[in-house]
Amino acid sequence: MSESQITEKEISQSYQLEPESNQISSCFVNGSITAFVIRFQLLWLVIVCALCLVFVNEVAVLKQFPKQWQLPFVPVFNTLMDSFISFSGSSFKGVAMLLSYPMNWIRELLQWLPWCAVMLLTAGVSYRAGGFKLVVFSIVSLFYMLLTGLWEASMNSLALVLISVPLAVMLGFSLGVLGFFSKRSQRVILPLLDIAQTIPAFAYLLPILLLFGFGPVVGLIASILFAFAPMVRNTLVGLQQVDPQVIESGLMSGATSSQLFFLVRLPSALKQILLGVNQTTMASLSMVIIASIIGGTADIGWEVLSTMRKAQFGESLVAGLVIVLLAMMLDRITAGLAQRKSLPVVVQHIVLANNSGSMNSRFMKMLRQSFLGRLCLLLAILFVVTSIASVFEFLWVWPGAWYIDSSSILNSAITDLISEFKGVLTSIKNNSLFFVMLPLKIGLDQAISPFTWGFSATIWHGVIYALSCLMIATFFIYTKRFNWAATVIVLGMVFYSGLVDFPWPAFCLVAVFIAWHLGGVKLALATFFGLGFLLLSGSWKKVMLSFYLCTIAIFIAFFWGTLLGIVAASNKSFSRFMRPINDALQTMPPFVMLIPFVMLFKIGEFTAMLAIIFYAYVPAFRYCEFGLRKVPLEIIEAATSMGTTKLQLLFQVKLPLALPNIMLGLNQSIMYGISMLVITALVGTNGLGQQVYIGLSKGDFGIGIVAGIGMAIIAMLADRFCQAWQRMYAANAVL
Amino acid sequence: MSDTAIQRPVKLSCKHLWKVYGDKPQQFINSSLTAESVSDIDQLASSMRQKNHMPAAIDVSFDVREGEIFVIMGLSGSGKSTVVRCLSRLVDATHGEVLLDGEDLLAKNNRELIEIRRHKMGMVFQNFGLLPNLSVYENVAFPLKLQKMSEQQQREKASRVIELVGLTDRENSFPHQLSGGQQQRVGIARSLAVEPDVWFLDEPFSALDPLIRRQMQDEFLRIQQVLNKSIVFITHDFLEALRIADRIAIMRDGKIVQIDTPQALILNPADDYVAKFTSEVPKIKILQADQCMQDLPAIDNARVSGDSQTDIDAHLPLEKVLQIFSTNADVEQLRVLNAQKESIGIVTAKSIVNTLGMGLDKGLDQSDKMSQSSQHTQAV
């Protein structure tokens with residue numbers, strides 16, 4: 001009966017829309033009163049912030065959250081972890097042992113197999129997934145790995161992925177199904193997923209390291225834990241989005257609940273679920289690469305990292321390209337398999353055979369025959385290839401003489417390039433540092449110095465700055481845009497003092513205020529407690545350092561991405577040109593992204609910012625283009641027939657309609673940016689990412705986990721703010 | 001069909017059915033649902049709405065007889081889909097009884113319900129509800145497969161219904177390769193594959209183009225002539241209802257306003273709401289000879305002309321009657337014969353104009369009430 005209850009609920013939800021819209025309209029009636037209250041609140045907000053700022057140097061409490069108020073989270077977490085390990089450490093070690101067997105088998109198998117056999121297998125799978133084009137791509141990629149002498153390292157990485165993906169898929173799928181059937185477990189699973197996906201990948205490594213011991217198996221476990229989340233989500237969404245009429249038709253055909261699940265829901269949701277497999281594979285690869293940071297694995301991630309540390313950029317670029325190729329190959333193959341039409345039928349036959357014994361025995365026999373047949377064929381081919389390879393040695397192990405040493409050429413080329421454009425590069429870096437990044441970080445009061453801006457700030461500069469801010473604000477008050485006025489004043493203050501030195505009570509007040517107006521009491525409370533944790537744990541300064549870098553990078557990424565998205569939506573050839581670039585940027589594991597920027601700009605915050613921008617602009621671009629393209633043709637035609645110019649059409653019709661999607665893009669950009677932020681700790685940023693890194697290298701669980709939770713709090717709050725904003729926009733659009 | 005259908009035994013019966021959406025719908029049921037009078041029911045419904053509950057079906061009662069096409073007509077949101085889902089128990093009713101062959105469906109447990117759905121019910125959906133991953137044949141055979149029927153039997157039964165809807169050459173196509181009309185044929189075939197007694201169709205043709213819709217209606221009537229199922233047909237299209245129905249129930253805001261045959265609906269709309277629908281209808285296609293005749297003049301008792309050309313059947317559509325008048329200029333009146341070949345009245349130009357005009361009055365003047373129209377009918 002659960003089926004009918006679900007549909008019933010859905011219908012009842014759709015009915016309840018009416019009273020809700022009544023409420024909204026009643027809000028609207030009271031609008032004038034509410035507006036007055038908000039104006040009053042804004043005034044107070046601005047006054048309190050200004051007071052904080054004025055007295056920041058006089059009152060020590062405002063400047064820094066007092067040490068004696070902080071709570072000792074770090075030692076507490078450490079003792080907790082220690083006692084946990086001593087209590088149940090051996091069982092975790094056992095699991096690690098258990099997992100290490102199949103992992104080692106696959107590793108050794110891939111190492112043992114002649115390269116031509118691996119290539120043949122890959123070609124076969126590629127052909128099934130994406131036809132001839134994909135075969136060519138895979139073969140070329142594998143040859144690249146051979147030629148550069150990175151075959152062994154690549155195979156080690158691939159082995160980790162091959163073993164972690166099935167495990168992650170199984171784990172994710174079962175959790176997704178569980179969540180689908182039990183609303184209660186869904187309420188537990190979804191927030192846990194949120195946390196799991198927002199805690200940076202680095203922070204995972206630490207507890208796993210402590211629990212499971214060293215070795216490649218840590219990478220495997222980390223990648224399973226990191227990669228199962230998208231599978232859960234996609235399974236859940238896929239099952240939830242099955243057309244209710246399809247389910248009703250299944251019910252009316254007399255399906256029992258198990259038949260309904262296996263024969264109706266699952267096949268209908270399969271496409272989404274397979275998409276989950278694709279995302280899981282990508283996440284798994286990216287974590288396998290990141291996990292190499294703990295060492296002990298002779299895999300491709302380690303290759304990149306160790307060469308980068310030695311400043312051998314040529315080598316790291318060559319190895320980085322291997323990762324990119326590997327990622328693209330896995331992405332295309334899994335995505336291709338998800339698109340195939342015959343796969344669902346095969347799965348369905350298997351399900352059927354399990355489900356209803358006798359009638360399908362013939363199907364099953366056919367399947368088994370064909371499956372066994374294929375397996376035999378495959379083994380036979382492998383055997384033949386292997387035996388040929390045993391005769392011709394060069395087919396088994398790629399001869400050392402055939403390696404192409406491209407890295408030394410690259411190295412010299414890079415050195416030349418950098419010395420050639422040194423002036424340009426430095427001026428780009430310095431200008432953006434002095435005029436954009438530093439003012440936001442430490443404030444105009446400190447950023448302006450003869451060394452940076454060419455003059456020192458006097459009291460008059462401050463007065464002019466304050467007056468111009470006030471003038472803009474007055475203009476907004478005059479035009480009755482009070483929110484804008486308050487925003488201008490608060491931003492003016494932030495730029496004056498810098499985010500890092502901005503008084504924490506003022507920051508919290510503004511954040512909670514925004515949260516309250518966007519998402520009500522619940523979001524305000526969440527913000528309050530989230531920020532409270534950051535303050536109490538004593539990591540406020542680090543948080544602000546991360547926050548400033550993230551804000552500036554994501555702002556630029558979003559702006560840039562949206563702009564490009566607008567162009568791509570109106571220009572087909574530009575869109576076609578950008579697609580492979582975006583694909584590459586998005587499938588690339590984040591830390592490969594660092595290589596070119598480190599090469600050009602050395603380590604530092606500017607490099608980190610560029611890496612974040614390039615990683616985070618892609619979702620903004622994609623969602624913007626998608627949103628603009630999705631605007632119904634009739635509406636565009638209607639607007640055109642009213643006589644809009646091209647710009648009017650864009651700004652008054654298309655962009656407002658695409659706004660929900662654009663905001664979704666912003667949300668995604670923020671998530672991507674934050675995940676990249678941690679990785680940038682590798683190139684020497686200060687902040688939470690660095691803390692995680694320190695925790696990892698020292699094996700200090702407390703430091704790492706506090707910083708990890710801090711990042712998760714920032715990410716989750718940003719996500720909730722975006723969602724609340726979207727909801728508010730949607731509600732207004734209904735009006 | 002309409003006279004005979006009424007004498008047939010009741011197949012499916014729905015008694016005082018309520019469906020209320022909201023947090024605690026049961027709170028209203030226990031207190032005062034026993035009340036019979038109309039005003040009480042209205043009061044109850046409005047009190048539900050006040051307490052943020054949504055009564056989607058309000059005291060719905062009707063019988064569907066064997067072989068009858070029973071149409072529930074209403075605009076969107078009138079509760080017709082809810083009613084048909086309560087009948088098939090895709091949605092559980094809040095209160096009331098649904099009797100199938102005299103057995104209370106609402107009391108069945110899950111196992112029994114599945115059996116009933118497997119053998120006695122078929123349902124067709126507005127958006128087809130086809131499984132996108134299965135071919136036409138596999139979709140049609142799906143309910144049979146669920147019953148674990150042998151493959152040969154599946155093949156037999158599925159092929160028969162596929163042939164019935166005329167899709168034999170598309171058996172191996174997938175739903176996305178078919179047009180809307182073809183997809184709905186698959187939906188129809190699937191619902192018929194188990195040879196159900198009761199056939200529910202929830203706006204089956206609403207998602208189709210008007211021309212295809214017309215064609216599918218004919219197809220549907222043809223199939224029904226072959227199979228003679230007991231049918232509950234949901235639609236928002238009044239013309240469609242008139243075309244196919246033996247009886248029509250008109251719903252508004254969860255309540256049934258009127259249940260009648262198409263002709264009776266047009267002649268005696270229960271209220272303005274129904275009249276609004278009927279005023280748009282081309283009446284000459286719906287009305288029949290016996291609905292627009294005068295009483296026999298006394299002298300006519302004996303055979304006056306003896307000319308069989310002026311005798312017409314009681315169920316001859318008005319359209320055809322008018323054709324006879326227009327082709328034979330010298331005919332002034334036609335004699336109406338019932339099934340037993342007894343004359344029951346005559347049709348003249350004046351009687352036709354009277355009948356049509358009466359409906360016209362109603363359409364033009366909405367305040368014109370029932371009483372007046374019934375006087376008209378008596379006068380005629």
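These legends describe close-up views of a predicted model.

**View 1. Helices α7 and α14 of chain A cross.**
Helix α7(A) covers residues 151-181, and helix α14(A) covers residues 313-339. Their axes come within 11 Å. The crossing angle is roughly 35°, and the crossing is right-handed. From α7(A), the contact uses S154(A), S157(A), L158(A) and V161(A). From α14(A), it uses V322(A), L326(A) and L330(A). Sorted by class, five of these residues are nonpolar and two are polar. None is charged. Why might residues three or four places apart in a helix point the same way?

**View 2. L205(A) sits in the largest nonpolar core.**
This core holds 296 residues. Which residues touch the most other members? They are L205(A), I612(A) and V140(B). Helix α12(A), residues 257-291, gives the most to the core, with 18 residues. Now look at the contacts of L205(A). Leaving out residues up to four places away in sequence, L205(A) touches V218(A), A222(A), A291(A), I294(A) and L696(A). In soluble globular proteins, nonpolar side chains tend to be buried together.

**View 3. Helix α28 of chain A lies largely in the open.**
Helix α28(A) spans residues 633-641. How many of its nine residues are buried? The number is zero, so the helix lies largely in the open. Being buried takes 20 or more other C-beta atoms within 10 Å of a residue's own. Next comes the chain just after α28(A). There, G643(A) takes a positive phi of about 95°.

**View 4. Three strands of chain B form an open sheet.**
The strand order is β11-β12-β13, and the pairing is mixed. Which strands are at the edges? They are β11(B), residues 311-313, and β13(B), residues 343-348. Each of these pairs on one side only. From one strand to the next, the twist averages 35°.

**View 5. Strands β12 and β13 of chain B run antiparallel.**
Strand β12(B) covers residues 333-337. Five bridges join β12(B) to β13(B). Where does L334(B) find its bridge partner? The partner is V347(B), in β13(B).

Consider contacts in chain B between residues at least 6 apart in sequence. Of these, 72% join residues at least 24 apart.

Conventions:
Residues numbered from 1 in each chain as written. Chains lettered and ligands numbered in written order. Predicted model: local features only at pLDDT ≥ 70, side-chain atom pairs only at ≥ 80, totals over all residues. Buried ≥ 20, exposed ≤ 12 C-beta atoms within 10 Å, placed from the backbone. Helix = DSSP H or I, 4+ residues; strand = E, 2+ residues; numbered from the N terminus. Pairing = 2+ DSSP bridges. Axes fitted to C-alpha atoms, helices over the stretch in contact; angles between N-to-C directions. Left-handed = near helix turned anticlockwise from the far one by under 90°. Contact = placed C-beta atoms within 7 Å. Nonpolar A, V, L, I, M, F, W, Y, C, P; charged D, E, K, R; others polar. Core = buried A, V, L, I, M, F, W, Y, C linked by C-beta atoms within 7 Å.
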